[in-house]
Amino acid sequence: MLNTGDFTLLFWDDNYLSRWNNCRRGIGQPQLVPEATLEEPGFWLGSGYPTAFKHESGVWRILYNGKSVVPEEQPDSYALVAESDDGIHWEKPDLTDRVPLPDRRYPNQVLRKSEDFHQWDCYFDERAEDPNERVKGFAVGKGNQLWTSPEGLNWTRVEGVEWRKHSPDPPSTAYWNHVRDCYVISARPAPHAHPRRVALSETKDFRTYSEPELVLATDALDTPLAEIYGMVAFPYADKFVGLVWIYHTDPVPLVKYWGGKTDCQLAYSYNGWHFNRSIREPFIPNAEQGEYGAGTMRPHSLVVDDDNQIRIYSSASKLEHGYHINPHVGPKRLERGPAGEGNDTGALLMHKLRLDGFYYVESCFGPGMIGTRSLYWQGGEARFNIQSGLETRVQVTDPTGEVIEGYSYADCQPFTGDALDWTPRWSGGRGLTSFTGQAIRLEIEMNNARIYAIRGDFLPLSGRELRTFMDRGEKPIPRPGF
């Protein structure tokens, strides 16, 4: 894994910037990995809500919902698993001998159907103190059940625990919040199913939970009558990123269910509780008609792999919302009934994204420039995640903007190429270590270039913190979440 340093400056807003000239902010576009597509005959996986992780044994596992579409059955959901050596090429294991289930229907089934759950979401908890609870399962059905497992195969229900009093539809996911020192559960604010919004609650032990608080809903900048179908969130560097499912609904029916597409936009947070949305463009857009994702695109799992690439695992459908129930009826409003044979309309997908590639700043129409706020430099060098078609240079200024001698653009050794951790150097091989304990600013001049992140052992300074440091020499105190 790439050394992410003590602070990561990302470009999803201007919070840490003080100068900007001839640049634009863009949003990343994850690339589909076709060979990672997981289909399963007899099941619709458009609401699969996959959770992928690499087990300590080296085996990749992906846990997901499978909704039966066998014509003679009602569309019941089953808890399923697939395994892989690389997290891309999946196989369905036969667990008949490894995981005894009294009413097993399918070889790769991991929970008894008699538990009567509607759907489930899972969370791979790297911090779990009890190795037997490394994986959590949030089931919706007869009570909102909590299940735990050491490896995603053998599961135990935690008796007497309901993670929510009511039963919202998924996604219902968890993540560790280092700012609040607790786990956070993201789910709809049930029992009100409509409009679909995002609520968060807290837990330290997965046994007791705070009351949900509404944190995110659509607004006037979204398409008319859109709803947030759900949001899955993840710690990223020292911040948080949210994958927001925007449901572009059919405005005709009084109850929004039949029809409408779902794509994915981005949200971000400094404290893992208050989320912001910026560019209202799809991060993972709908696919072309007839392809998985043309109807719904629901990313659910984010993993940074050993090659420092971000993997995003999703459930996706070819048809619009609700049409999987009986795709043979035709292009009209459908009624619930026996499922057809349209199991090929839903699958699990994987996209890859450059490290830090959620947002970027790029130069426009020739050279562009951005400059940071004052930074308290604690030591070491800066590392830039950057693509540069022509020369990119960095200069160092004092807090007033005065260029420091020997650290101008002219003194900087230019960079051209693609790097996750380019370290700027100036004449004589000088770096930034010499500024340890000082307040400086960085200015980046780029041409035909994109910059994704700046990493280093530094603290951005507010105006008050800068004055206090310059006047009295008081070092800033790190404030996670700001």
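Helices here are DSSP runs of H or I with at least four residues, strands are E runs of at least two, and both are numbered from the N terminus.

Before you go on: this is a predicted model, in which local features need pLDDT of at least 70, side-chain atom pairs count only at pLDDT 80 or more, and totals for chains, interfaces and linings use all residues. Residues are numbered from 1 along each chain as its sequence is written, and side-chain values use heavy atoms, with hydrogens and water left out.

**Exercise 1.** Find the buried side of helix 1 and what it packs against.

*Step 1.* List the buried residues of helix 1 (residues 463-472): Leu466, Thr468 and Phe469. Buried means under 20% relative accessible area, exposed over 50%, and partly exposed in between (1.4 Å probe, protein chains only).

*Step 2.* Check their directions. They cover an arc of only 165° around the axis, so they sit on the same side of helix 1. The arc is taken from the directions that run from the helix axis to the C-beta atoms.

*Step 3.* Look for partners. The buried residues of helix 1 pack against strand 25 and strand 27 (438-447), where contact means heavy atoms within 4.5 Å.

**Exercise 2.** Describe the ring pair Trp120 and Trp155.

*Step 1.* Recall the rule: rings of Phe, Tyr and Trp (its six-membered ring) pair if their centres lie within 6.5 Å; planes under 30 degrees apart count as stacked, over 60 as edge-to-face and the rest as tilted. The structure holds 32 such aromatic pairs.

*Step 2.* Apply the rule. The centres of Trp120 and Trp155 are 5.0 Å apart and the planes stand at 65°, so this pair is edge-to-face.

*Step 3.* Place the residues. Trp120 belongs to strand 9 (residues 117-124) and Trp155 to the loop between strand 11 (145-149) and strand 12 (156-162), so the pair ties together parts 35 residues apart in sequence. Both Trp120 and Trp155 are buried.

**Exercise 3.** Now classify Phe138 and Trp163.

*Step 1.* Their ring centres are 5.6 Å apart with planes at 75°, so this pair is edge-to-face.

*Step 2.* Phe138 is buried, with a relative accessible area of 0%, and Trp163 is buried at 1%.
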